[in-house]
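Biologist: I have a new model on my screen and would like to learn how to read it. Could we go through it together?

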Amino acid sequence: MWKLIGLIPILISPIAQAGAQIYEPLSASTRTVLQRAVSDQAISHFITLPEAESKVWLVTMSERLKGRMPDHNEREDFLTTVHYEATRAGLDPQLVLSIIHVESGFRKYAISTAGARGYMQIMPFWVDTIGSKDHNLFHLRVNLRYGCTILRHYLDIEKGDYFRTLGRYNGSLGQATYPELVFNAWNKYWRHPATQEVAQH
């Protein structure tokens, strides 16, 4: 069983050195989620945490992210939106932060050699196949909405198996390198005591 707790930290590359996402048909309900209008506007509130707990989470994660995102307001907007979109998709926000850590190094305008874009390194074909032509993958909420929705889709396909889910997300299904990078980023940088561990059964 793979767990985020107890893995030996390894060097994290700023951008994942693996394959690219591969198109797999999404359900009609999932496509509807991505076809709705989503803007670059940040989320201003938490949807599941009580106010006191959300402040603790935000302060904790903001301090950890400060070196990579120096502007205070940008950092808090980013973190609040990550938490919103991850929770909305039924995902652990710390897992999403770990993916962003590995995929783009928290660079909004990152582009991989395969053409993946933004924080969560979304392949442009997703816009053509399941999105809307006005969706800009460099926009904060657009990028996070796509990334979290696609990740949730893969997690459902893999019946909660995070190791295989991460492989699908990165286009390297069956290889250990990318899941280990994400798990170690979670364990070293983004684990939060108030959240449950993510495990792969």
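Biologist: In which hand does α3 pass α4 in their crossing?

Modeller: A crossing is left-handed if the near helix is turned anticlockwise from the far one by less than a right angle, and right-handed if clockwise. Here α3 passes α4 in a right-handed crossing. A word on the model: it is predicted, so local features need pLDDT of at least 70 and side-chain atom pairs count only at pLDDT 80 or more, while totals for chains, interfaces and linings use all residues. Residues are numbered from 1 along each chain as its sequence is written, and side-chain values use heavy atoms, with hydrogens and water left out.

Biologist: How many helices and strands does the protein chain have?

Modeller: Helices (H or I, at least four residues) and strands (E, at least two) are DSSP runs, numbered from the N terminus. The protein chain has 8 helices and 2 strands, in the order β-α-α-α-α-α-α-α-α-β from the N terminus on.

Biologist: At what angle do helix α3 and helix α4 pack?

Modeller: Two packed helices are described by the angle between their axes and the distance between the axes. Axes are lines fitted to C-alpha atoms, for helices over the stretch in contact, and angles run from 0 to 180 degrees between N-to-C directions. Helix α3 (residues 72-88) and helix α4 (residues 93-103) pack at about 120°, with axes 8 Å apart.

Biologist: Which residues of α3 and α4 meet?

Modeller: Contact means heavy atoms within 4.5 Å. From α3 come F78, L79, V82, H83, A86 and T87, and from α4 come P93, V96, L97 and I100. By class, this contact has 8 nonpolar, 2 polar and no charged residues. Ala, Val, Leu, Ile, Met, Phe, Trp, Tyr, Cys and Pro count as nonpolar, Asp, Glu, Lys and Arg as charged, and the others, Gly among them, as polar.

Biologist: How many residues of α4 are buried?

Modeller: Buried means under 20% relative accessible area, exposed over 50%, and partly exposed in between (1.4 Å probe, protein chains only). In α4, 11 of its 11 residues are buried. Their cover includes α2, α3, α6, α7 and α8 (177-190). For the protein chain, 52% of the 201 residues count as buried.

Biologist: What comes just after α4?

Modeller: There G105 takes a positive phi of about 60°. F106 has a positive phi of about 65° although it is not a glycine, and F106 is in the loop between α4 and α5 (125-130). F106 counts as buried at 4% relative accessibility. Q121 is in the loop between α4 and α5 too, with phi near 50°, a positive value in a residue other than glycine. Q121 is buried, with a relative accessible area of 3%.

Biologist: How are α6 and α7 placed to each other?

Modeller: Angles under 35 degrees count as roughly parallel, over 145 as roughly antiparallel, 65 to 115 as roughly perpendicular and the rest as oblique. Helix α6 (residues 140-157) and helix α7 (residues 162-170) pack at about 130°, with axes 9 Å apart, and are therefore oblique to each other. The contact is made by G147, I150, L151, Y154, L155 and I157 of α6 with Y162, T165, L166, R168 and Y169 of α7. By class, this contact has 8 nonpolar, 2 polar and 1 charged residues.
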